Structure formats: structure tokens, C-alpha cells
Amino acid sequence: MRKEKVSIYQRILIWREKNIKERQFILLLSLVVGVCTALAALLLKGLIHWIQNFLTNNFTIEGANYLYLVYPVVGIFIAGWFVRHIVKDDIGHGVTKILYAISRRQGRIKRHNIWSSIAASSITIGFGGSVGAEAPIVLTGSAIGSNLGSVFKMNHRTLMLLVGCGAAGAIAGIFKAPIAGLVFTLEVLMIDLTMTSLLPLLISSVTAATVSYIVSGSEAMFKFNLDNQFEMERIPYVLLLGILCGLVSLYFTRAMNWLEGIFGKLQKPYKKFILGGILLSVLIFLFPSLYGEGYDTIELLLNGSSNKEWDTVLNNSLFYGYGNLLLVYLSLVVLFKVFATSATNGGGGTGGIFAPSLFLGCIVGFIFSYFSNEFSVTPDLPEKNFALMGMAGVMSGVMHAPLTGVFLIAELTGGYDLFLPLMMVSVSSYLTIIIFEPHSIYSMRLAKKGQLLTHHKDKAVLTLMRMEHVVEKDFSVVHLEMDLGELVKVISNSHRNMFPVTDKDGVLVGVVLLDDIRNIMFRQELYHRFTVSKLMTGIPARLYDSDNMEQVMRTFDDTGAWNLPVVNVEGKYLGFVSKSKIFNSYREVLVQFSED
């Protein structure tokens, strides 16, 4: 029975190869990816909202609700147990995993990522985890694209493109934002924009958005009505908001990395759970706005028009009835949001930073305009407009993606009339954070390891190359105690003119060059007078097997050498790398990378 299934599968592949051209099949796959990612996004959103409504339906608005101390802890406990015992793999840092798959795994993403992120993040966020659903669904979409391509035996370049299609479809499906889906893939995942890649990405984005429109209606995700047109005299304040958003993005990025480092030092899962659970439950109890994605707060600030409406942000909290403390409450929420997000993921939950970025940006924009209107003499700054701009600003800063910030916010809210100020805030925020952080929160981990694929063609090719593919191991090893006679025997059986010297533990200590001993190697009376330790010379530099190719090329340039030895972290000899081997490999990868 199994053989019959395999043969049917093979016949399908053969039929496809004979009857459907490669490019046409890629377009067909991108359409299927768009449909599947949209359905996955709708499923995730539906699960989150159902769980949240079920748990919080009976909460009172007139004071603290003590179940806020319980629900988030239960959520991250269940999600953490699920990941450790069912999935048995790390599924956090979804976008970073996609970037790694593109640069180091030829676009291959594990099959369980199709469903595991949906299950874990819906539990985490539904129970109040202070993270977003977007990064998990982007990983899900990319996994759908990658595994669909693998089923049909597509080459690695096509797999990378389908990964991008999955990401674009996920963003377009969950936000109903097809342009943002396309731009996100180009800007954050750094998929190269060519005619070969553009059409599949567009098809996936448009298809996913269309499916979302059909299922959930054509309204924008956040309702927004422009009551005040943008006026040119507000440009200085728009630019100031952008700088503020850049600084808030810097705080969020640095604090997130610092807190991740603290959780990373805790080896036992239960220690992480205890620390994360206590921190998260206390913060949500004090500031219920931190519960879940925070989209209710965004909706309120974008549509409110009076203090009475804005004061409802204080509902369910100890601040209820103290409208004069609104700015204090919101400022504390901005300060502690990163702690709640880190505690959620560090304690065992699963979620991303998309929603936290939008949440923070909305509050920062509102605080900026509200404070300006209350305490200084300025042109009247419409709070809802600046809340909208703040969303674009913080997202652009955190993700290092100004175009994604502009188009996503415009499509999320239908606020196309504010396109110019959205661009101003996004660009000024990005230019502010880039001074301090050259890489986004998604890419900085890979950039430090030299594993980040970028639009820079030369660096991209070097990133795709691996040390193990250029190491040559056919050099004859000699040892310190060997005499000249023994060395000559080794030379006679070798076709190389360089001989690595190691000690008894295999640690590289030097090298013997044929040119250095050519004048004495045929004088037999000297065979027992000289040992390798006297004949060897030092080496200009060592390469390590963990070095990336950019570091390797830098070392070659610094030393001017043509061959350099490779050792492991303990200094043990592994082989040699030559410039000629690197150049040949570089050319092969460049040809593959550049083909359209």
C-alpha cells in the first residue's frame, strides 16, 4: 500500500514537470499559499478572541479584577508545557527564525511550524499574554510556503521565494493589508525585488487579503475617521513625534534584549515560568491595558474625542475614576509594556512584537499630542491623528522598516489622508534609532553572527557561503618530533607544498613550507639532525570553524595570505582555506543567487 502511494506521488511530480512550466507553477503555488495563510490568520484571530471573550466576559469595569493575576500565568504555563512536551522545539522569535531559514537553511522551515505557533500563541494571548499574534502567523505562513515547495521538490531559490510569499500572505491576511504584506517581505525579510519575485509576492498578498475580506468583511481592522485635516504648520510637531518614537523604539529594543538576557541565564523552565508569571500577572493586574494584544486600547484612542471617552482606558483597574491621572497611567503603561512582553515570552509563552509596537506607538502619539494641548501653547494637535502617526513611528523604529510602518498603518485604519505625516514620522523615527542600533530587533541576533542575508549583493553571497564548503582537508599533517627524513617521506606522498604541524593533541602550532627546506631535503646526512620543530614557521593568522565568510575575507585582506589554516575553538587543526577556493565558491553562489 505504501509503495502505491509513493508511486502516485512520483507520477504527480512527473506529470507536473511535463505539463506545467516552472514559472507558471510558482504562480499557482503562491496563490495556494495566499489562501492557506489567510485561513491560518483567521483561525488564529478567532481562537484568540473566543478565549479572551470567554475568560473576561463577566469582568467589572469599576475596579480591579483579581483574575488578572491568574489568567496570564495559566496561559504561559499551558503554552510552555505544550512547546516543551508536544512540539519539543523552540518556536519563539518567529521572524528571526525565518531570516535564519533564508540565509542558512536554503528556505527550509520545519513542518510543525505550520500549526505549533497557532496553538501556542492563541493560548498565550487568549489568556492575556502581552504579545502579538503577527510574528507567529508570519512564521506559520512562511512554514506553509516552505513545506508546500518541499512537497513539489522545488529548488532552494524557489523555496526562499515561497517563504516570502507565506510571510506576505500572513501580514496581508491578518491585517487586511496587501501592500504592507508585500513591503514587509521586501523590507524586513529582505527578499530581493525582481520581476521573478514580485508577481508571486503580489499574488499571495492580494489573495490572502481577499480571503480575509470575504470571511470577515471589507472594513479596515481599526475604525478611523479623519476629523481634522493635516495642516502644514504641524510639521515641526510631526518631526518631534518621529524623534520621540525613535527613542521609544530604542528603549523597547534595548530593554527587550536586556530582559531576554536575564531569562536566558535561568536554566530551568520552572524558574523562567515563576519569574515571568509573577511579573506578568502583577503588571496586568495594575495595568489591565497590558492584557493581550492591546487592540481595544488602540481602538479607544483612535476613536475617542473627549476626556470622558479617553478615561475609559482606566476601566478594570485601580485607576478607575481618576481621570486626572490618565497621562500618568498611560506613561506607566509605555514604561512597563516591554517588561510584560518579555515576561510573556521568557516565562514560556509564544508571541511577537508587532502588536506591542502598534500599542506603544498609539499611546506615545496620544500622550505627545494630549500633553502638548494641555500644557503648552501650540497649534491644536488632534490626538487621534497623532496616535495614528505614533503607531507608524514606533513600528518603523522597532522593525527598521519605515515603508512597512507607513503602508501598514494606512491600510489598517484607512487613514490614507495622513500619508504625508505618516511618512515624516516613520522616516524621522527610523533615522533616530539607526544612529544607535544598525539592525532591527529581528535581525540583530543574526547580524552579530554574520548570518543575516541583506540586499547588499556581495554580503548576501558571502552569507550564503559556509566554511565547511571551502575547507580543504587533503594536506598531510606532520608532528613536532618528526625528523627531516620522516618529513621527506611525507612530502614524497603529497601533492601539496605546505604541511601543517600539530602537537600530540592535534593542536596546530605552525607550518612547514616546501620552499623553506628545498635546499636541504635531499641531503641524507642531515635527515636525523633536524626536526620539524626547527624547520617549521609561524602562521600569519588562524581561521576558526565558527567564522562567517565575511570575517574570513577580512582576515585574508589583513594578512595578505593566500592560504590560512582552520582550527576549532580548542585550536585543533581542521584544514586549510585558500583564496582560490573561496573565489570559485563565490562565483558558483553568485550565479545561483543572481539567476532570474
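Of the 596 residues of the protein chain, 55% count as buried, where buried means under 20% relative accessible area, exposed over 50% and partly exposed in between, with a 1.4 Å probe and protein chains only. The model is predicted: local features need pLDDT of at least 70, side-chain atom pairs count only at pLDDT 80 or more, and totals for chains, interfaces and linings use all residues. Residues are numbered from 1 along each chain as its sequence is written, and side-chain values use heavy atoms, with hydrogens and water left out.

**Whole chain**

Display the chain as a cartoon. It has 26 helices and 6 strands; helices (H or I, at least four residues) and strands (E, at least two) are DSSP runs, numbered from the N terminus. Contact here means heavy atoms within 4.5 Å. Among contacts between residues at least 6 apart in sequence, 76% join residues at least 24 apart.

Next, colour by pLDDT, the predictor's confidence in each residue, from 0 to 100. The chain averages 84, and 89% of the residues score at least 70. Where pLDDT is low, the predicted coordinates should not be read in detail.

Select Ser 121 in helix 5, which spans residues 116-126. Ser 121 counts as buried because its relative accessibility is 0%. Show its side chain: one of its polar atoms lies 2.5 Å from the backbone oxygen of Ser 117. Leaving aside residues up to four places away in sequence, Ser 121 touches Leu 44, Gly 126, Pro 136 and Thr 350.

Move to Ala 135 in helix 6 (residues 134-151). With a relative accessible area of 4%, Ala 135 is buried.

**Helix 8**

Select residues 178-187. This is helix 8, which is mostly covered, with 7 of its 10 residues buried. The buried residues are Ala 180, Gly 181, Leu 182, Val 183, Phe 184, Thr 185 and Leu 186.

Strand 1 (residues 478-479) runs parallel to strand 2 and is joined to it by 2 bridges; Val 478 has Val 501 of strand 2 as its bridge partner. On the other pairing, strand 2 and strand 3 (residues 508-513) run antiparallel and are joined by 5 bridges, with Leu 508 in strand 3 as the bridge partner of Thr 502. Strand 2 and strand 3 form a hairpin with 5 residues between them, and Gly 506 in the turn has a positive phi of about 85 degrees.

**The sheet of strands 4, 5 and 6**

A further 3 strands form an open sheet in the order 4-5-6, and the pairing is mixed. Its edge strands are strand 4 (543-544) and strand 6 (573-578), each pairing on one side only. Strand 4 pairs with strand 5 (residues 563-567) in the parallel sense over 2 bridges. To locate this pairing, select Leu 543 and its bridge partner in strand 5, Val 566.

Then show helix 25 (residues 549-559), which packs on the sheet and touches strand 4, strand 5 and strand 6. The direction of helix 25 makes about 135 degrees with that of strand 5; axes are lines fitted to C-alpha atoms, for helices over the stretch in contact, and angles run from 0 to 180 degrees between N-to-C directions.

**Cysteines**

Finally, select Cys 36 and Cys 245. Cys 36 is partly exposed, with a relative accessible area of 32%, whereas Cys 245 is buried at 0% relative accessibility. A search of the whole structure finds 0 disulfides, a disulfide being a pair of cysteine sulfur atoms within 2.5 Å.

Definitions and conventions: A polar contact is a pair of N or O atoms within 3.5 Å; within protein, one must be able to donate a hydrogen and the other to accept it, and residues adjacent in sequence count only if both atoms are side-chain atoms. Two strands pair if DSSP finds at least two bridges between them.
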